[in-house]
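The sequence and the structure are shown first, and the notes after them are grouped by topic.

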Amino acid sequence: MHQTNFLVREPLLDPKQRVVGYEICWQRQGAAPSSPAELEALVAFVAGQVLDADGNWALRDKILFLEAVPAMLSTDALHQLPPERTVLSIKTSELARPDTLAAVQALRAGGVGILLREADLARIGNRLPTIASYVEVRFSGADVGTQARAYAALKQSAVGMVARPVSNWADFDACAALGLNAFVGKLHLTPRPSTDSKGLNPAQAIIMQLMQMVRQNADIVQLEAVLKRDATLSYKLLRFINSAGFGAGREIQSLRQALTLLGYTPLYRWLTLLLATASTSGYSPVLLETAVVRGRLAELLAVGALGKSEAENVFVAGMFSLLDRLLGISMQEVLANIQLSDDVVAALLTRSGKYGPYLALAEACELNSDLVASLAASLKLSPEDVNQAHLSALAWAQNVAA
């Protein structure tokens, strides 16, 4: 399936807008349900991508939700995934068969999570904690008080409540008040009303200045002088350059050494990440994580055709494509504050130019858009190429946005 179909992800948010997990499924046309073979293929492909070379979970604290049907509950690939990070989503009506109920209970005993869909809570009653770790509730913004009473018993148990669909921020806030997590689809990309002050804070202003200086090939001495004005920024640079991921091989203790070793293009990329994470007004953790995944995915999609150096620029375009929402200012204001190449600007404004199609494809992947297949084909990328890059970007982002 990974050779012909594209993956779709949907974030699960806690009441503080933090991403606690993702539902991963195949993109499909219409309402036709996935077959057992398709679902087995999904589990097998995901298991092959979200474990590192040592077999460790690559998504840190994230939980993956995967659709399940009775016929695939014993698939071997399930045993490759860490049970505490795996949740199978199954219709409650499937549990009417004793063999399916037994299989679900065996999975629960082994630590695998179970999300019940279309559950009749009154009928399941006290058995619910022995069957499920989560239950999906169909949330409506109307009559919240009645719903609160209905869910009160669940809030006292170990069963988590997951709301769906949540199509506007008012409903999300109502869910949060009830203590529900929520699958939010595209909602997190929709600006929400806020009274917070907008624009660049002092840390972001210094980062913007440094980015401008890097674009103008300023001397290392000049960059060092600006960095020294912000102790936190200096500390972050030294921590980054001495991290295991960078692999400097020796401890770097001076800013000048760090800047020299890092180089201008990687420095610009690091500053781009830092600019997003330095947001303090209207801050949305899910939006930050989405920006990081989008930037990394666009970069991975481009590296084969454009090479590493050009792909770094595609990463910057991906990150900047959500910077207006992260900072609470217009894209025109973002572009007025920083000098970017014509190719990056074209990608940001019209998804055109050399980088635009890769950004458009990364964006389409997160929107469950019908354009994914045509965009991938135009870039000569197979579904397998896109799917591998998608899960790789998701894993990479956990070490950045954490």
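In this predicted model, glutamate 312 is buried, because its relative accessible area is 7% and the cut-off for a buried residue is under 20%. Its salt-bridge partner is lysine 308, with a distance of 3.2 Å from N to O. Lysine 308 counts as exposed, because its relative accessibility is 59% and the exposed class begins over 50%.

- Lysine 308 and glutamate 312 both belong to helix 13, which covers residues 308-320.
- The two residues are four positions apart, which is about one turn of the helix.
- Side chains of opposite charge can pair when their charged atoms come close.

- Glutamate 366 and arginine 9 form one of them, with their closest N and O atoms 3.8 Å apart.
- This pair links distant parts of the chain, since glutamate 366 is in helix 17 (residues 356-367) and arginine 9 is in strand 1 (residues 7-13), 357 residues apart.
- Are glutamate 366 and arginine 9 buried or exposed? Both residues are buried.
- Lysine 62 forms a salt bridge with glutamate 289, and the closest N and O atoms of this pair are 3.4 Å apart.
- Lysine 62 lies in the loop between helix 1 (36-49) and strand 3 (63-67), while glutamate 289 lies in helix 12 (residues 285-306), so the pair ties together parts that are 227 residues apart in sequence.
- Lysine 62 and glutamate 289 are both buried.

- Arginine 351 counts as partly exposed, at 24% relative accessibility.

**Backbone features in loops**

- Arginine 351 has a positive phi of about 55 degrees, although it is not a glycine.
- Arginine 60 also has a positive phi, near 50 degrees, and is likewise a residue other than glycine.
- The place of arginine 60 is in the loop between helix 1 and strand 3, and the residue is partly exposed with a relative accessible area of 45%.
- Which peptide bond is cis? The bond from arginine 164 to proline 165 is cis, and its omega is near -5 degrees.
- Proline 165 is found in the loop between strand 7 (160-163) and helix 6 (169-178).

**Two packed helices**

- Two packed helices are described by the angle between their axes and the distance between the axes.
- The axes of helix 8 (residues 220-227) and helix 10 (residues 255-262) come within 9 Å and cross at roughly 125 degrees.
- Helix 8 and helix 10 are therefore oblique to each other, and their crossing is right-handed.
- Which residues of the two helices meet? Ile220, Val221, Leu223, Glu224 and Leu227 in helix 8 meet Leu255, Arg256, Leu259 and Thr260 in helix 10.

**Two further residues and their surroundings**

- Threonine 272 lies in helix 11 (residues 264-277) and is buried, with a relative accessible area of 2%.
- Leaving aside residues up to four places away in sequence, threonine 272 touches Met211, Val316, Met319 and Phe320.
- Glutamate 384 is placed in helix 19 (residues 383-398) and counts as partly exposed, at 24% relative accessibility.
- The C-alpha atoms of glutamate 384 and leucine 7 are separated by 9.4 Å, although these residues are 377 residues apart along the chain.

**The protein as a whole**

- The protein has 19 helices and eight strands.
- Of its 402 residues, 50% are buried.
- Among contacts with a separation of 6 or more, 64% are between residues 24 or more positions apart.
- The accessible surface comes to about 17800 Å², and 52% of this surface belongs to carbon and sulfur atoms.

Terms used: Residues are numbered from 1 along each chain as its sequence is written. This is a predicted model: local features need pLDDT of at least 70, side-chain atom pairs count only at pLDDT 80 or more; totals for chains, interfaces and linings use all residues. Side-chain values use heavy atoms; hydrogens and water are left out. Buried means under 20% relative accessible area, exposed over 50%, partly exposed in between (1.4 Å probe, protein chains only). Contact means heavy atoms within 4.5 Å. Accessible areas come from the Shrake-Rupley method with a 1.4 Å probe; for residues, only the protein chains shown count as cover. A salt bridge is a side-chain nitrogen of Lys or Arg within 4 Å of a carboxyl oxygen of Asp or Glu. Axes are lines fitted to C-alpha atoms, for helices over the stretch in contact, and angles run from 0 to 180 degrees between N-to-C directions. Angles under 35 degrees count as roughly parallel, over 145 as roughly antiparallel, 65 to 115 as roughly perpendicular and the rest as oblique. A crossing is left-handed if the near helix is turned anticlockwise from the far one by less than a right angle, and right-handed if clockwise.
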